[in-house]
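Here is a friendly briefing to read alongside the model. Have a look at the structure first, and then we can walk through its salt bridges, helix pairs and surface.

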Amino acid sequence: MHGRPRKASKPEDEAASITKAQKLRALQTQFFSFHHSKIYTKEAVELSAKLLEINPESYTAWNYRKLAVEHYLSQPDCNPESVKSLLDDELRVVESALRQNFKSYGAWHHRKWVLSKGHSSVDLELRLLDKFQKADSRNFHAWNYRRFVAELMNRSEKDEIKYTEDMIYTNFSNYSAWHNRSVLLSSLLEKKAEGFLLKENLLPEEYEFIHQAIFTDPDDQSGWFYHLWLLDQTVTTDHPLLVSTWPAHGSDVFLVGDRCQNGSFSPFTTVLSDSGSFPIVLYFNQPVKGVSSSTVIIECGFNKNEELLWEPLSVSNSQTAQVWVAHLKCPTSEHDSSVEISVGYSKEIVSPRGSQYSHPSTFSFKVHVQPVERDSSRVSVAENILWREENFKVYRAQSEESIPIPSFDQLCIKNGHESTASNWRTEALAKEVECFRELLSLMDCKIGKLTLARLLMAYDVMSFPFANKLVHSEEVLELYNDLMKLDPTHHRYYKDEHSLVLLRKMTSSEESLLQHCFQYKDSVSSAIGNPICLRLNNLSLSRIRAFERLLWVQMLDLSHNELESIEGLEAMQLLYGLSLGNNKLRSLTALEPLRKLKSLRVLDISYNQIGDHSIDTTRYLCSSPLSHSVGSELNDVALINYWEAFYMFKDLNLTQLDIVGNTIADEKFKSVLVKIMPLLKRLNGELLD
């Protein structure tokens, strides 16, 4: 049982254990002899029962009994009465084993297998479960089995919900009962059963129910976990929504060649297009599949007859992703055109759970193609972008006509239904905030502070983008600061959450975001023309998110933080220059999101921890030399020894890379990088031959 201290064994207990072990070894020897010889006599089967009575965790013995049953069922003299008798014997063996250990995985699985044969009565199963659940009401094996039996009996899910309620009133600390309740309610909501059609009718009642448990014993975690599930149900929309796009609705986009020498272009709306195309990015509120040329219709004055290939931006190569991208080819000559994109007017865009994208969206923008002649007299072989403090100055608009981050409020899609649909959510969250403020006024409770922080952030996000700022962000940040001090064991989690709130605060409005926009000083000779750099450096960030507001960024400085992962960065399809220097990246495979950034040319990963750790736990999530996708391209022995580097960098078109300060960055590794990336011009600031 949970929370019960172990008792020191007595000498007589140790002697009994030795005797038991000797008996077990003798039984196992004889049993394995029968098993290997495929002997299914009555004597052999009874021997397996004795073995399981002593050791219910013997999976081999359970599997042997399945083989024995199948062997008997295949005999010509088999009849319904003997089959029932045989399977009833199996149920008795399972019950005997469960009395020895009612958390035996093998025993519960075997009982399910017997009942699934369809020859046994299930009427006695619930009574048996009552006995086991009285012995341990939180035994999740028994609760799992109960769901299985209830389905076999066609027992009403509403009756099962009432049973969970009775068990909870018996013991508020019954985590398994709370969990079973969440499973049942999820099923009823998904099926839109009678009385469970709308969350707004059900969830307020559930909040009131859970308050009884939390306020009765705030130190018990069971109720808090259920409250977290309720919060997730409250903030999660039923259907996928398009929340952000690039280009943004109503924006003007200027496409120029591989070098911009005309200072009149806005640094926020000018996009380098040396490939002859530009990306269109769709950012949904949850992963979806089915984005294609048939579900996303594009109308423009050019490229009329070509279907776009939509790619999911997922590092797992899944066909389901939160962010999708397609590349639209643009004219080579000067051209102005309007582009209109309609999303989801057919029903094929769906979430992994099968929820359809049911709120079609349309956004439009203007494209101005302005090819710029390359002036060879002013082109350096490879300009070196330096991420030093002195090379950046705070961005200031040149005139009133130069509007930075055009139509900032339009970066996020506002769906007409959203305000009405969110009313009950914001009201429910507001009541919960008031409730937990009251709780914290009575006692200092860590999990109460964590819940309040989650509630406040959820409330702000639900109000966003209609609010000009996240009104509770300062309070939430302070709550996470308190938690890091009060609960150092979970410091890393609180730190991650603090980082995400800080990022969302900085990107919540044009005013706050502009405070981190800097202009690179060398705007004349730089390969990226007149670049604006979003500088999120020196913020102690341990995690990053809020990318739906950063799709326009072409130059990003995340240096001098505490990042171990850059998950989600693949959404920023315009990135040309990226600094990740002085973070805590532990491996090359942590850089995998960069493989999706086709525009990336300048990368700084200096002074991380790449190569410090002999075991890279993320490497097995990527392809390896043993896979056909990578191994067929590795013809060089030196590259095989650095297959992670080959995998991460082979598809990038980097011209500048800084890796100094990493354990892996010796001379041999640098020579491998030059082989992998033929376009590389500068390595660690030095011009390559």
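A residue counts as buried under 20% relative accessible area, as exposed over 50%, and as partly exposed in between. Glu475, with a relative accessible area of 28%, is therefore partly exposed. Please keep in mind that this is a predicted model.

- Glu475 pairs with Arg437 in a salt bridge, and their closest N and O atoms are 2.5 Å apart.
- This pair links distant parts of the chain, with Arg437 in helix H12 (residues 418-442) and Glu475 in helix H14, 38 residues apart.
- Arg437 is partly exposed at 35% relative accessibility, and Glu475 is partly exposed too, at 28%.
- Asp136 and Lys103 also meet through their side chains in a salt bridge, at 3.6 Å from N to O.
- Here the partners sit in loops 33 residues apart: Asp136 between helix H6 (125-135) and H7, and Lys103 between helix H4 (80-100) and H5.

- Lys162 and Asp166 form a salt bridge whose closest N and O atoms are 2.9 Å apart.
- Both residues belong to helix H8 (residues 157-170); because they are four residues apart there, about one helical turn separates them.
- Lys162 has a relative accessible area of 45% and is partly exposed; Asp166 is partly exposed as well, at 36%.
- Elsewhere, a network of salt bridges links Glu592, Arg595, Lys650 and Asp651.

**Helix packing**

- Helix H3 (residues 59-73) and helix H5 (residues 105-116) have axes that come within 9 Å and cross at roughly 15°.
- H3 and H5 are therefore roughly parallel to each other, and H3 passes H5 in a right-handed crossing.
- Helix H9 (residues 175-191) and helix H11 (residues 221-235) have axes that come within 8 Å, again crossing at roughly 15°.
- That angle is under 35 degrees, so H9 and H11 are roughly parallel; the crossing of H9 past H11 is right-handed.
- How do helix H14 (residues 473-486) and helix H15 (residues 491-506) cross, and at what angle? Their axes come within 9 Å and cross at roughly 165°.
- Since angles over 145 degrees count as roughly antiparallel, H14 is roughly antiparallel to H15.
- The crossing in which H14 passes H15 is left-handed.

**Surface patch**

- Which residues make the nonpolar surface patch of about 320 Å²? The patch is made by Tyr59, Tyr105 and Phe140.
- Phe140 lies in helix H7 (residues 140-152).
- Phe140 has a relative accessible area of 42%, so this residue is partly exposed.

How values were computed
Residues numbered from 1 in each chain as written. Predicted model: local features only at pLDDT ≥ 70, side-chain atom pairs only at ≥ 80, totals over all residues. Heavy atoms only, no water. Patch = residues over 30% accessible without salt bridge, like charges linked within 9 Å, V, L, I, M, F, W, Y side chains within 5 Å. Areas by Shrake-Rupley, 256 points an atom, 1.4 Å probe, with all protein chains shown as cover. Salt bridge = Lys/Arg side-chain N within 4 Å of Asp/Glu carboxyl O. Helix = DSSP H or I, 4+ residues; strand = E, 2+ residues; numbered from the N terminus. Buried < 20%, exposed > 50% of the residue type's maximum accessible area, 1.4 Å probe, protein only. Axes fitted to C-alpha atoms, helices over the stretch in contact; angles between N-to-C directions. Parallel < 35°, antiparallel > 145°, perpendicular 65-115°, else oblique. Left-handed = near helix turned anticlockwise from the far one by under 90°.
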